[in-house]
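Notebook open, one structure loaded. I want to go through its strands, its charges and a couple of backbone angles.

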Amino acid sequence: MANLPENYSYSAEHEWIDAPAAEAEGKTVKVGITEVATDALGEIVYVDLPSVGDEVTHSEPCGEVESTKSVSDIFSPVSGTITAVNEALEDDPAIINNDPYGEGWIFEVQVSEVGPMKDKAGYEADNA
């Protein structure tokens with residue numbers, strides 16, 4: 001699992017937030033999918049983004065990623081309000097494959113509650 005960011009938190013459904021889970025409540029965080037998910041999906045060809053202002057609930061679907069292999073739900077790892085979406089993905093969804101932890105972020109959330117998350121070591125242990 002090369003390139004797994006140290007200070008991110010990871011869900012069992014292979015989503016990440018760009019903050020330690022213990023520090024995320026009350027903050028705005030970016031959300032994306034992990035390299036494990038992109039490897040399993042293959043080439044991503046479409047992303048169904050949530051809308052700014054939508055309320056999301058941790059562990060509940062809030063969008064979809066479509067690849068050449070399948071369609072997969074995006075599960076929000078946190079509860080809160082969507083504050084931004086990565087509009088670049090509408091024109092080039094493969095950004096997620098190329099840079100899942102950077103330019104391939106999917107949406108931002110003002111966090112009201114953090115769902116079950118693991119740190120880098122815990123996620124790596126579960127996906128070794």
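Before placing anything in a strand, I note what counts as one: a strand is a DSSP run of E with at least two residues, numbered from the N terminus. Also for the record, I'm working with a predicted model.

Entry, charges. I looked for a negative surface patch and found one formed by D48, E64, E66 and D73. I followed up on D73, which sits in strand β7, residues 71–75. Patch members need over 30% relative accessible area.

Entry, sheet. I traced an open sheet of six strands, and I read its order as β1-β2-β3-β9-β8-β5, with antiparallel pairing. Which strands stand at the edges? They are β1 (9–10) and β5 (55–56); each has a single partner strand, so one side of each lacks a neighbour in the sheet.

Entry, one pairing up close. I picked β2 (residues 15–17) and β3 (residues 28–33), which run antiparallel and are joined by three bridges. For W16 I looked up the bridge partner in β3, and that is G32.

Entry, backbone angles. H14 has one, at about 75°, and I find H14 in the loop between β1 and β2. S59 isn't a glycine either, yet its phi is positive at about 75°. I place S59 in the loop between β5 and β6 (61–67). With 32% relative accessibility, S59 goes down as partly exposed.

Note on methods:
Residues are numbered from 1 along each chain as its sequence is written. This is a predicted model: local features need pLDDT of at least 70, side-chain atom pairs count only at pLDDT 80 or more; totals for chains, interfaces and linings use all residues. Side-chain values use heavy atoms; hydrogens and water are left out. Two strands pair if DSSP finds at least two bridges between them. Helices (H or I, at least four residues) and strands (E, at least two) are DSSP runs, numbered from the N terminus. Patches are made of residues with over 30% relative accessible area and no salt bridge: like charges are joined within 9 Å, nonpolar side chains (Val, Leu, Ile, Met, Phe, Trp, Tyr) within 5 Å. Accessible areas come from the Shrake-Rupley method with a 1.4 Å probe; for residues, only the protein chains shown count as cover. A salt bridge is a side-chain nitrogen of Lys or Arg within 4 Å of a carboxyl oxygen of Asp or Glu. Lys and Arg count as positive and Asp and Glu as negative; His and the chain ends are not counted. The place of a charge is taken as NZ of Lys, CZ of Arg, CG of Asp or CD of Glu. Buried means under 20% relative accessible area, exposed over 50%, partly exposed in between (1.4 Å probe, protein chains only).
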